[in-house]
Every structure is written in structure tokens, then in C-alpha cells.
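This report walks through selected features of one protein model. Keep the sequence and the structure in view while reading.

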Amino acid sequence: NYGFKGRYLFEASARRDGSSRFGADRRYGNFWAVSGGWVISDEAFFSGVRFVDFLKLTASTGTSGNDRIGNFSSLPLFGAGVAADYAGSPGLIPTQVPNPDLRWEQTRQTDIGLSASLFNSRLSFDVNYYVKNTTGLLLNVSYPFTTGFPSAASNVGEMTNRGWDIQINSTNIKAGDFSWTTSFNIGFLKNEVTKLPPNKDAEGRDFLAGSGAQRAIVGETQNTFYLIRYQGIDPATGDAKWLNRNGEPTSTPVANDRVVVGSAIPDFTGGITNTFRFKGFELMAFFNYSYGNFVLIDGLRFTENLGGTFNKSRDLLNYWQQPGDNAFAPRLASPTAGAGVFSQLSTLQLQDGSYLRLKNLMFSYNVPQNLLKRTKVLSTCKVFVMGQNLWILQNRNFRGPDPEVSANGGDTQILGESFFALPQARMLTFGANLSF
């Protein structure tokens, strides 16, 4: 670190990281970063700008590594048990393809930021623009079934993320014992896959399947939904209609009719916190939100299926009965009402995942010190009541337990999918924080 006159700042770093998840000759990665800052508000020419308390410009560039894959991913693994027995004798069978060339995924990131504090610190903000270029993506690549292995972790492809991160803090009211403060943040993200190993789709673009509903496609996002488009119930016939690849209605869609229909990655996400204080009382409300993403509620293929034994959605009661009906489900005698037809994987299960949620609401009271001193035991006492997930604003046509879903844990190849996941629980908590 180096600073000159307190307003010209420079920092550089270098590191070497190792991970035993990679091949024996690929375990170590070298990463570096450089950054600079300029405190503009400390310059003499800026002294006349009285409403600005602090203004700083920053820029940085550097690299980082990612080793978030399963343990032993580079090694050959073997299994035993009944499946490995041979002619009545115990044995071993290979269960994982070795990849000694597996190495660090690397991201080169460049940032430009501006930080400011205004009006005697009543308003402050941080604005940051970034570009991330990732190479050697760690993804599970599918293998032909004839190999005996479903997939293996590999370094394949390249990806770019660019966007804006904005943070704003304000003191809206400060009068006597009352204050109202707000903290707001929003992040805009544009994700694009720029390179993948050769594997052409119907449009001639390279792709990598993540699930039955989404895939990474060159020129699209890493989590692009690729589905047959559902059109609705034909009011004249009562048959369900989908669109083929050319956009023409059909009652017998095929896998080749799948097209890009949206992404699981939001256009923007963020949160807002408002805090009100009056003497010892405090009310805090935190909202988070997401906009522009789709989620796949896969359980609908079972609950909105006219066959099978699962519990059914009430929407199925709205089935076509006579010409002119604007129904949810096809006529019961329609060939499209059969098991696996109406409920086949399509945009019928794809939902708008945008939401605004009251994530946390807390009301608390700090007992005054003059009362605590009388106890001769307590030094601080804060009592509170807190509610979580109390309210949500979502698309009026959303069919599912919760739009804030992400199946498959940390698998970045599959986002925004849900299979009979429970909605987030509403919780009410009473408590007290005591110090003695």
C-alpha cells in the first residue's frame, strides 16, 4: 500500500493459491491485483464545493481463482458393492473419469468506482462499474452414455459478466429524538457465455446442458431456459396448443421445437432498509427484490397433470367443456389431456420470478440507562419482536409456492428451478438482549 499526501492512493497484491481438487501438476494458481484511488475532495481546486464532504475516484484490475467443484474431481474414483461383483467374487468398478488437467477457473476483473458524501454526511453513495472475463470455466460436461459415465468436471468455455453496483445511504429526517435513515442498493448484471466446446444446437450455436429445462448457450446467459412454448387451450376444440420451432401452433410438439425463452438470471436485484428511531424505540424494515428473471416450478408437471396420483391443482377444475370456453385445462377427452402431454416440460411451468419481499421487520426498545442502574445487575437491555418473510409482492399469475427459489444448491449450471420446494416460512420471534 502507498499513499501520497493522503489523496493519491496505490495498492498492489500478489498471491499463490493451491487446491488439492485439481490435477497434481495443476494445483497452484498465481493471482494478482492493482488498484488506485484519488480523493478529489482534498484537492485545492475543490475547496469551494461546500455541499460535497468527500469525493473519491477508484479503479482496479486483477485476477482471482475459483475451485468450487467437488472433492477428488480430478481423480479416478471406484466403487464396490453388489454392482461391482464379478462371477460371485468382490471387485471394483470405475465411477468417475480422471482429469489430471483440471485446473483453476480464472477471472480477470476491472472496476471503476465513485464514492461521495454530501450535505454534512446526510447523503452518501457508492457507484461501481465492473467487467469480469472468466476463462477455464469449471463445468460438468456430459459424456456419451456409451462411455459408462454421465459427465465429468472440466475447464471449458469462457464467460463475461458486466454490470453496475449502486449503494445509497441517506438520513432523511433528523429532528430532536427522531430520525429516519434509508439504505438502498441495486445491482445490474449482464451475463454472456462467449465460448464453449463444440456441441451445436438447432441454430448452430455451441451449448452445454445444465438440466432438462436450461442450458448455457454461446451468445446467451449461462442459465438460459430452453423450452417448448405453450400457447394455451384452443377455445374452438378444447385441445392444448404449443408452438413449433417456426412459431406455428401444434398439438404434437417435439423436442426439436425447443427455443430460448428467457433466463434465470435477473436484470437487477437489491434491497432497501428503512430505520426509524425515537428515543429508545427503533423500527427497522428490510425489503429485498429481484426483477427480470424466470423460475421453473417443476412440480406443476405433476400437480397440473390430468393423470397420475399426485394431489392436483384446483386450476384443473377449469377444463374446456364447450366451444368458446377460455379454459385452463383441455377437454377431458382431448388427446392432449393424456398423461405426459398437457403436463410435458414447457413454458406452462415457467413463471415470472420477479418479486418484492418484506424480508425482515423488527421493533425494539432499549431500556434507558437510568433505569438499568437501579437494577445493579444489567448494563444493557434491548427487547424486541421480529418478523421474517411477512409479505411478498409478485406476479398476479404466479403459480408456485415461492418465486425466490434455486434448486441444486451450489450448481451454477442450474438456477431458478424448484421441485416441490417449500415456501420460505413466516417467522415471528420475541427476544431480549441482555448484558450484565
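## A buried threonine

A residue is called buried when its relative accessible area is under 20%. The model examined here is a predicted one. Is Thr336 buried or exposed? Its relative accessibility is 1%, so Thr336 counts as buried.

Thr336 sits in the loop that runs between α1 (300–303) and β23 (350–352). Setting aside neighbours within four places in sequence, Thr336 is in contact with Asp239, Ala240, Trp242, Ser251, Pro330, Val341 and Phe342. With Ala240 there is also a polar pairing: a polar atom of the Thr336 side chain lies 3.0 Å from the backbone nitrogen of Ala240.

## The nonpolar cores

Three of these contact partners, Ala240, Trp242 and Phe342, belong to the largest nonpolar core.

Another core lies apart from the largest one. It consists of nine residues, including Leu139, Val156, Leu196 and Leu208.

## The largest pocket

Rolling a probe the size of a water molecule over the atoms shows where empty space is left. In this model, the largest pocket has a volume of about 910 Å³. How many residues line the largest pocket? The lining has 35 residues, and Asn66, Arg68, Glu105, Gln222 and Thr412 are those nearest the centre.

Seven elements are listed as giving two or more residues to the lining: β4 (52–66), β7 (105–118), β8 (123–135), β9 (138–142), β10 (151–155), β11 (158–175) and β12 (178–195). By residue type, the lining divides into 19 polar, twelve nonpolar and four charged residues.

Thr110 is found in strand β7. Its relative accessibility is 36%, and therefore Thr110 counts as partly exposed. Leaving out residues up to four places away in sequence, Thr110 touches Ser60, Thr61, Tyr129, Tyr130 and Val131. The side chains of Thr110 and Thr61 are joined by a polar contact of 3.1 Å. Thr110 can also be compared with Ala33: the two are 77 residues apart in sequence, while their C-alpha atoms are 9.6 Å apart in space.

Val52 lies in strand β4. Val52 has a relative accessible area of 13% and so is buried. Not counting residues up to four places away in sequence, Val52 touches Phe46, Ser117 and Leu118. Val52 and Val97 are 45 residues apart along the chain, and 60 Å separates their C-alpha atoms.

Most residues other than glycine have a negative phi. Which phi does Lys5 have? Lys5 is not a glycine, yet its phi is positive, at about 60 degrees. Lys5 is in the loop between β1 (2–4) and β2 (8–18). With a relative accessibility of 56%, Lys5 counts as exposed, because exposed means over 50%.

Ala87 is not a glycine either, and it has a positive phi of about 55 degrees. The loop between β5 (77–79) and β6 (93–96) holds Ala87. At 75% relative accessibility, Ala87 also counts as exposed.

Note on methods: Residues numbered from 1 in each chain as written. Predicted model: local features only at pLDDT ≥ 70, side-chain atom pairs only at ≥ 80, totals over all residues. Heavy atoms only, no water. 1 Å grid on protein atoms, 1.4 Å probe; cavity = no way out; pocket = protein on both sides within 12 Å on 5 of 7 lines; lining within 4 Å. Points joined across faces, edges and corners; volume = space filled by probe spheres on them. Helix = DSSP H or I, 4+ residues; strand = E, 2+ residues; numbered from the N terminus. Nonpolar A, V, L, I, M, F, W, Y, C, P; charged D, E, K, R; others polar. Buried < 20%, exposed > 50% of the residue type's maximum accessible area, 1.4 Å probe, protein only. Contact = heavy atoms within 4.5 Å. Polar contact = N/O pair within 3.5 Å; in protein donor to acceptor, adjacent residues only side chain to side chain. Core = buried A, V, L, I, M, F, W, Y, C linked by side-chain atoms within 4.5 Å.
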